[in-house]
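Here is a short briefing on one protein model. Keep the sequence and the structure open as you read.

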Amino acid sequence: MPINNTVATSNVFLELGGKPTATLRSVTLPGIQVQQVVVPRGPNGEPRLGRDATLTELALTLPLNQADSLGDWLLAVGTGKDPKPADAAVLVADFNFKLQRRIECAETWITQVQLPVLDARDGKAALELDLRCQPARVAYAQLGSNAGKVVAGPSPKAKQLMAGNFRVKGLPFGDASHVVRVALPTLAVELAGSPASVARVDLGEVEITLSRAGVDAALAWVLKAASDGQVSDAEVLSLDIELLDPALKKVLLTVQLGGCVLTRFQEDPLDARKETLGGATLRFAVGRVGMVFA
């Protein structure tokens, strides 16, 4: 009969530079994609069936308040610096931090950074950062009985960043307190060649949703900005998205969005079945993304 041996795991870490740097909430390890190909073999060029094996991406989810521990490996993607790969490892430990598994990912490139959605109506949700990464090689370390313990990285007592504790600075219209939702951009890195190098970086768009009270001022600015068909320097915005502590007094993290250019303005549908009027959403293409931690 089948044997079902389960292992309880409560601690998963990301290691960079030989040290645990972040506590991971979720990990999808790289897979092996095998594609059958027909290749010529033998003196007569007879076709034979072969295999082309490639590694799929590594997916990581970590608390946003630990993003600074990733250093330039992460920050270079959005700031115009030349992104570089890093030698990383996923460490799996038990409740007592004894190492159970070690998956080594050599020359790992970040290919996507998904920043979270801030929503004043979902204030207690803890913010997370989602990464997708492409390793060049993966090795599964053979651990003996003397594997040792993982020396924990960031303190688990660090203040969590909550979805509803934010404010927006840099909007050229109305009162920023009318902002009820901010969908931060998703950064994408396109790789090319062998060995891999960065071919293109797309910093995505930021989406800002206003309540009804802020729509009129925003619409007036949009109409003025769109009237001449040109984008002036004054219309290229620098936005600071400040994430605050639970008391809404101390700034814990500032997401800096530079070179923001309006791409769309859309009011919510008018629905006679609802008691209140909807708001509006503005989308801006982003030219630079930075993160400054307190």
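Leucine 219 sits in helix 2. The model is a predicted one. Leucine 219 counts as partly exposed, because its relative accessibility is 25% and the buried class stops under 20%.

**Leucine 219 and its contacts**
- Leucine 219 touches Phe265 and Glu267, leaving out residues up to four places away in sequence.
- Phenylalanine 173 is 46 residues from leucine 219 in sequence. Their C-alpha atoms are 9.0 Å apart in space.

**Helix 2**
- Helix 2 covers residues 215-226, which makes 12 residues.
- At 1.5 Å a residue, helix 2 should span 16 Å.
- Which residues of helix 2 are buried? They are Val215, Ala218, Trp221, Val222 and Ala225.
- Seen down the axis of helix 2, these buried residues fall within an arc of 135°. They therefore line one face of the helix.
- Asp216, Leu223 and Lys224 are exposed on the other side of helix 2.
- The cover over the buried residues of helix 2 includes strand 16 (205-210) and strand 17 (237-244). Strand 18 (251-267) and strand 19 (280-285) are also part of that cover.

**The protein as a whole**
- The secondary structure comes to 2 helices and 20 strands.
- The protein has 294 residues, and 37% of them are buried.
- Take the contacts between residues at least 6 apart in sequence. Of these, 68% join residues at least 24 apart.

**The cavity**
- How many cavities of 30 Å³ or more does a search of the whole structure find? It finds 1.
- The volume of this largest cavity is about 80 Å³.
- Its lining consists of Leu74, Leu75, Val77, Gly78, Val113, Leu115, Leu187, Val289, Gly290 and Met291.
- Helix 1 (72-75) and strand 20 (288-293) are the elements that give two or more residues to this lining.
- Strand 20 gives the most to the lining, with 3 residues.
- By type, the lining residues divide into 8 nonpolar, 2 polar and no charged.

**Methionine 291, a lining residue**
- Methionine 291 belongs to strand 20 and is among the residues that line the largest cavity.
- Is methionine 291 buried or exposed? It counts as buried, because its relative accessibility is 13% and the cut-off is under 20%.
- Leaving aside neighbours within four places in sequence, methionine 291 is in contact with Ala67, Leu74, Leu75, Leu115, Leu253, Thr254 and Val255.
- Leucine 253 is 38 residues from methionine 291 along the chain. Their C-alpha atoms are separated by 6.9 Å.

**Asparagine 165, a buried loop residue**
- Asparagine 165 is in the loop between strand 11 (137-140) and strand 12 (166-169).
- Asparagine 165 is buried, with a relative accessible area of 13%.
- Neighbours within four places in sequence aside, asparagine 165 is in contact with Glu242, Leu243, Leu244, Asp245, Pro246 and Leu248.

**Backbone points to check**
- Most residues other than glycine have a negative phi, and most peptide bonds are trans.
- Leucine 248 has a positive phi of about 60°, although it is not a glycine. Its place is in the loop between strand 17 and strand 18.
- Leucine 248 counts as partly exposed, at 46% relative accessibility. Leucine 248 is also one of the contacts of asparagine 165.
- Phenylalanine 97 has a positive phi too, of about 65°, and is not a glycine. It lies in the loop between strand 7 (86-93) and strand 8 (99-114).
- Phenylalanine 97 counts as partly exposed, at 30% relative accessibility.
- Where is the cis peptide bond with omega near 0°? It runs from serine 194 to proline 195.
- Proline 195 is placed in the loop between strand 14 (186-192) and strand 15 (197-202).

Terms used. Residues are numbered from 1 along each chain as its sequence is written. This is a predicted model: local features need pLDDT of at least 70, side-chain atom pairs count only at pLDDT 80 or more; totals for chains, interfaces and linings use all residues. Side-chain values use heavy atoms; hydrogens and water are left out. On a 1 Å grid over the protein atoms alone, a cavity is a set of points where a 1.4 Å probe fits but cannot get out, and a pocket is an open set with protein on both sides within 12 Å along at least five of seven lines; lining residues have an atom within 4 Å of a point. Grid points are joined across faces, edges and corners, and a volume is the space filled by probe spheres set on the points. Helices (H or I, at least four residues) and strands (E, at least two) are DSSP runs, numbered from the N terminus. Ala, Val, Leu, Ile, Met, Phe, Trp, Tyr, Cys and Pro count as nonpolar, Asp, Glu, Lys and Arg as charged, and the others, Gly among them, as polar. The expected span of a helix is 1.5 Å times one less than its number of residues. Buried means under 20% relative accessible area, exposed over 50%, partly exposed in between (1.4 Å probe, protein chains only). The arc is that of the directions from the helix axis to the C-beta atoms. Contact means heavy atoms within 4.5 Å.
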